Amino acid sequence: MKFGLEVGPDEDLERLRKLVKNVGVALSEDPDLVGRFIQPSKSQGAIGMNGANFVMGVQFTCPPGEQFVIRRRVFLAIQKALSDNGISIPTPRVVVDTRNVTAAAGAAAAIANPSPCSP
C-alpha cells in the first residue's frame with residue numbers, strides 16, 4: 001500500500017521521514033497488529049510537490065485484504081504523531097486577485113443591468 005502525505009514547505013523533511021518510520025515500528029509492535037505487516041510503514045521521502053507543499057511518500061506491505069484495516073490505523077497513528085509534534089497538514093487556500101476589481105465590477109454590472117435599447 002502506498003499513499004502520499006502532503007506537508008507544508010517549511011517542514012523538516014528528514015524529521016518527518018523519521019517520524020513516519022517510528023510510527024511504523026510502533027504499529028508493528030502493537031499487539032493487535034503483530035504479524036499483520038510484511039513490512040511496516042515507512043517514508044519514501046519527498047516524492048513530489050503540490051504547489052508549494054511537499055508530498056511525502058508512505059508505504060507498508062501486508063497480506064492481501066489486510067491493507068484497508070491497517071491503512072486506517074496507519075492514518076490515525078500518523079495524524080496523532082504529527083499533532084503531538086506540532087506539525088499540521090496544510091489546508092487548501094484560495095487567493096483572490098482584486099487588482100482589477102473595479103473594472104470587473106463595472107463589466108458585471110453592465111451585464112446584469114443592460115441599458116434599455118432605444119428604437
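Predicted model: local features only at pLDDT ≥ 70, side-chain atom pairs only at ≥ 80, totals over all residues.

Biologist: How many aromatic pairs does a search of the whole structure find?

Modeller: A pair of aromatic rings is described by the distance of the centres and the angle of the planes. Applied to the whole structure, the search gives a total of two.

Biologist: Which kind of pair do Phe-3 and Phe-75 form?

Modeller: The ring centres of Phe-3 and Phe-75 are 4.8 Å apart, and their planes make an angle of 80°. Planes over 60 degrees apart count as edge-to-face. The pair of Phe-3 and Phe-75 is therefore edge-to-face.

Biologist: Why does the pair of Phe-3 and Phe-75 tie together parts that are apart in sequence?

Modeller: Phe-3 belongs to strand 1 (residues 2-7), whereas Phe-75 belongs to helix 2 (residues 67-84). The pair therefore joins parts whose separation in sequence is 72 residues.

Biologist: Is Phe-75 buried or exposed, or partly exposed?

Modeller: Buried means under 20% relative accessible area, and exposed means over 50%. Phe-3, at 14%, is buried. Phe-75 has a relative accessibility of 39%, so Phe-75 is partly exposed.

Biologist: Which kind of pair do the rings of Phe-37 and Phe-60 form?

Modeller: The centres of the Phe-37 and Phe-60 rings are 5.9 Å apart. Their planes stand at 85°, so this pair is edge-to-face.

Biologist: Where in the chain are Phe-37 and Phe-60?

Modeller: Both Phe-37 and Phe-60 are buried. The pair links distant parts of the chain, 23 residues apart. Phe-37 is in the loop between helix 1 (13-28) and strand 2 (39-50), and Phe-60 is in strand 3 (residues 53-61).

Biologist: Is helix 1 parallel, antiparallel, perpendicular or oblique to helix 2?

Modeller: The axes of helix 1 and helix 2 are 10 Å apart, at an angle of about 130°. Angles of 65 to 115 degrees count as roughly perpendicular and those over 145 as roughly antiparallel. The arrangement of helix 1 and helix 2 is therefore oblique.

Biologist: How many residues of the contact of helix 1 with helix 2 are nonpolar, polar and charged?

Modeller: Helix 1 contributes Leu-16, Leu-19, Val-20, Val-23 and Leu-27. Helix 2 contributes Arg-73, Val-74, Ala-77, Ile-78, Ala-81 and Leu-82. The division is ten nonpolar, no polar and one charged.

Biologist: Is the crossing of helix 1 and helix 2 left-handed or right-handed?

Modeller: The angle between these helices is about 130°. The crossing of helix 1 and helix 2 is right-handed.

Technical notes:
Residues numbered from 1 in each chain as written. Heavy atoms only, no water. Phe/Tyr/Trp six-rings, centres within 6.5 Å; stacked < 30°, edge-to-face > 60°. Helix = DSSP H or I, 4+ residues; strand = E, 2+ residues; numbered from the N terminus. Buried < 20%, exposed > 50% of the residue type's maximum accessible area, 1.4 Å probe, protein only. Axes fitted to C-alpha atoms, helices over the stretch in contact; angles between N-to-C directions. Parallel < 35°, antiparallel > 145°, perpendicular 65-115°, else oblique. Left-handed = near helix turned anticlockwise from the far one by under 90°. Contact = heavy atoms within 4.5 Å. Nonpolar A, V, L, I, M, F, W, Y, C, P; charged D, E, K, R; others polar.
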